[in-house]
Amino acid sequence: MNYSIIEAAKAIIPHLPALLGKQAEPMSQRLRTVFDKQVDEAQIEIEIIDLLSEHEATRAWMNAQLQGEKETTKGGTLVFNELGGNSDNVQGATYYKCPECDYRWTKTLDWQTPTRCPTHDCDLIEDN
Ligand SMILES: [Zn+2]
């Protein structure tokens, strides 16, 4: 899902009471004021980030919604990062064992070649 900051900020409004308690109402008013401003989207985004960064609860909520694509920080600076992670590069581990004893070896990287049993000097077999 590719949320824009503005969409995420609109989506947060119903959650404000749970996140901020008594401060929800003023926050929601201020957000609506920002949405109604006749300025360009980038300016609105900066003001939204400033507002929602005032509280850890709303800042964290926004970060979760934006899935780490756009980290909101205090001061209105947009920091792009890759919290999503590069799971493509991480293969599941493959387990090997010696057929003769209980020597085990784990292959964690794709390019690794299975080692040999140090005791029997034989090829290890896959053990899943
Ligand atoms: Zn062995």
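Start with Tyr 96, whose bridge partner is Trp 105 in E4. Before going on, a word on conventions. This is a predicted model, in which local features need pLDDT of at least 70 and side-chain atom pairs count only at pLDDT 80 or more, while totals for chains, interfaces and linings use all residues. Residues are numbered from 1 along each chain as its sequence is written. Helices (H or I, at least four residues) and strands (E, at least two) are DSSP runs, numbered from the N terminus.

Back to the strands. E3, residues 94–97, pairs with E4 in the antiparallel sense over four bridges; two strands pair if DSSP finds at least two bridges between them. The sheet is open and has three strands in the order E4-E3-E5, with antiparallel pairing. E4 (104–107) and E5 (125–126) are at the edges with a single partner strand each, so one side of each has no neighbour in the sheet.

The protein chain as a whole has five helices and five strands. Their order from the N terminus is α-α-α-α-α-β-β-β-β-β. Of its 128 residues, 14% count as buried. Buried here is 20 or more other C-beta atoms within 10 Å of the residue's own, exposed is 12 or fewer, and partly exposed is in between, with C-beta atoms placed from the backbone.

Now the helices. H4 covers residues 41–52, 12 residues in total, and spans 16 Å from its first C-alpha to its last, close to the 16 Å expected at 1.5 Å a residue. The expected span is 1.5 Å times one less than the number of residues. Which residues of H4 are buried? They are Glu 45, Ile 48, Ile 49 and Leu 52. Down the axis of H4, these buried residues fall within an arc of 100°, so they line one face of the helix; the arc is that of the directions from the helix axis to the C-beta atoms.

Ile 46 is also in H4, but counts as partly exposed because it has 17 C-beta neighbours inside 10 Å. Ile 46 and Ile 6 are 40 residues apart in sequence, and their C-alpha atoms are 9.9 Å apart in space.

Last, the helix pair. The axes of H1 (residues 5–12) and H4 come within 9 Å and cross at roughly 45°. Axes are lines fitted to C-alpha atoms, for helices over the stretch in contact, and angles run from 0 to 180 degrees between N-to-C directions. That makes H1 oblique to H4, given that under 35 degrees counts as roughly parallel, over 145 as roughly antiparallel, 65 to 115 as roughly perpendicular and the rest as oblique.
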